[in-house]
Amino acid sequence: MAWSTRASRSHRPRCSSATLVEETITANHIDCEYARTGHLYLAYKPGHVEPLETEARLLREEFGVSARLLNRDALASEIGSPIYHGALLVERSGGLHPAKYVAGLVRLARDRGAHLHDHTPATAIESRPGGGFIVVTPGGRIDTRDVLLATNGYSDRLLPPLRRRVIPIGSYIIATEPLAPDRARSAIPKRRMLFDSKNFLYYWRLSTDNRMLFGGRASFAPTTIAKARDWLYAAMIRVHPQLAGIAVEHAWGGNVGFTFDRLPHIGRMNGIAYALGYCGTGVAMSGYFGQLAADWVAGAELPDCWRGGFPGMPFYREKPWFLPVVGRYYAALDRL
Ligand SMILES: Cc1cc2nc3c(=O)[nH]c(=O)nc-3n(C[C@H](O)[C@H](O)[C@H](O)COP(=O)(O)OP(=O)(O)OC[C@H]3O[C@@H](n4cnc5c(N)ncnc54)[C@H](O)[C@@H]3O)c2cc1C
């Protein structure tokens, strides 16, 4: 894939989706604790600093985003952790409470006439003679001109060629008890959102009530919330030793949808439209792709950069058999 196409497909939706989220929240008064805290992309190894510098330049020069590299000394005012070697700082980005944001979107959709049916799986999509589809559910059959699959890391047998191109990977978060203000400040003084450059990355921030929300991909192999919680707690203390002894009050997890080229995809298979593959960054991006897909299904042109192929993997049908091996390989790279 040409460099410029890849850059367009990875950075443009990030920039556009951040703007879309902010506009949607403001215009519709969605109460979801949105704050423009900015984020830091932290270099886990010395060799990760240079690629971050390149990325900062790309963001500035190609996408007009104010982004700069912080060296190890400058990091001291940004994070109370001894383990990182530098960071890319983007000040314009914001964080929110995803469940409250989704609740706001549900309200907007209902107000505009959408019918939402949870706990109603589509079990089959049948092509209708003469065009269109029948979507089969346990509660009834839906006769429709278009179908958009937005099943991301939960894509199932509904559309096997799509399932073969999306890899479900578990991601997990712990939430600590609320921290005293000085302890919270000692960990993340400017309340930024943080993530690092490991393959098995950590991502973390403070909630509005000063809990540390610390997340990561514990393993590419199936695991449990209890194991992920213990693993994340140990990781959090490695990053922020000042949090030793803090209690974990909540832990949860779910699937994110990865693709083989680590880019989101939008298109059609067997006439069925799809938009997915956000590789762990879909809170904002799924809204952007939802809008792109809605316009496209309604007849607008799909931008050129989204017309590329959607790679799969030989012999991958339902079970991502390669994940344990790939996981061990990536974990070894992180340790080196
Ligand atoms: C622990 C964790 C932390 C995360 N942190 C971040 C973060 O900090 N920032 C970020 O941007 N992203 C984050 N993500 C990823 C983000 O949640 C996803 O990218 C986002 O939810 C994708 O939205 P979506 O609507 O495309 O898919 P999803 O929210 O995954 O929704 C897909 C839906 O499709 C439904 N579905 C599947 N099959 C069928 C069927 N046959 N019939 C009917 N429905 C079906 C599923 O039930 C599911 O509700 C995180 C994810 C997890 C699990």
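We take a helix, then a hairpin, then the ligand.

Mentor: This is a predicted model: local features need pLDDT of at least 70, side-chain atom pairs count only at pLDDT 80 or more, and totals for chains, interfaces and linings use all residues. Residues are numbered from 1 along each chain as its sequence is written.

Trainee: Which residues of helix α7 are buried?

Mentor: An α-helix has 3.6 residues a turn, so residues three or four places apart point the same way. Helices (H or I, at least four residues) and strands (E, at least two) are DSSP runs, numbered from the N terminus. Helix α7 covers residues 225-239. Its buried residues (20 or more other C-beta atoms within 10 Å of their own; exposed means 12 or fewer) are Ala-228, Leu-232, Met-236 and Val-239. They lie on the same side of α7, because they cover an arc of only 70° around the axis, taken from the directions from the helix axis to the C-beta atoms.

Trainee: What does the face turned away carry?

Mentor: There sit the exposed residues Ala-226, Ala-234 and Arg-238.

Trainee: How do β10 and β11 run?

Mentor: Strands pair if DSSP finds at least two bridges between them. β10 and β11 run antiparallel, joined by 5 bridges. Leu-206 stands opposite Met-212 in β11. Their hairpin has 5 residues between the strands, and Asn-210 takes a positive phi near 70° there.

Trainee: Which residues come nearest to the ligand?

Mentor: A residue is near if its C-beta atom, placed from the backbone, lies within 6 Å. Of the 25 residues around the ligand, Asn-152, Tyr-154, Gly-254, Gly-282 and Val-283 come nearest. α8 gives the most to this shell, with 4 residues.

Key: The expected span of a helix is 1.5 Å times one less than its number of residues.
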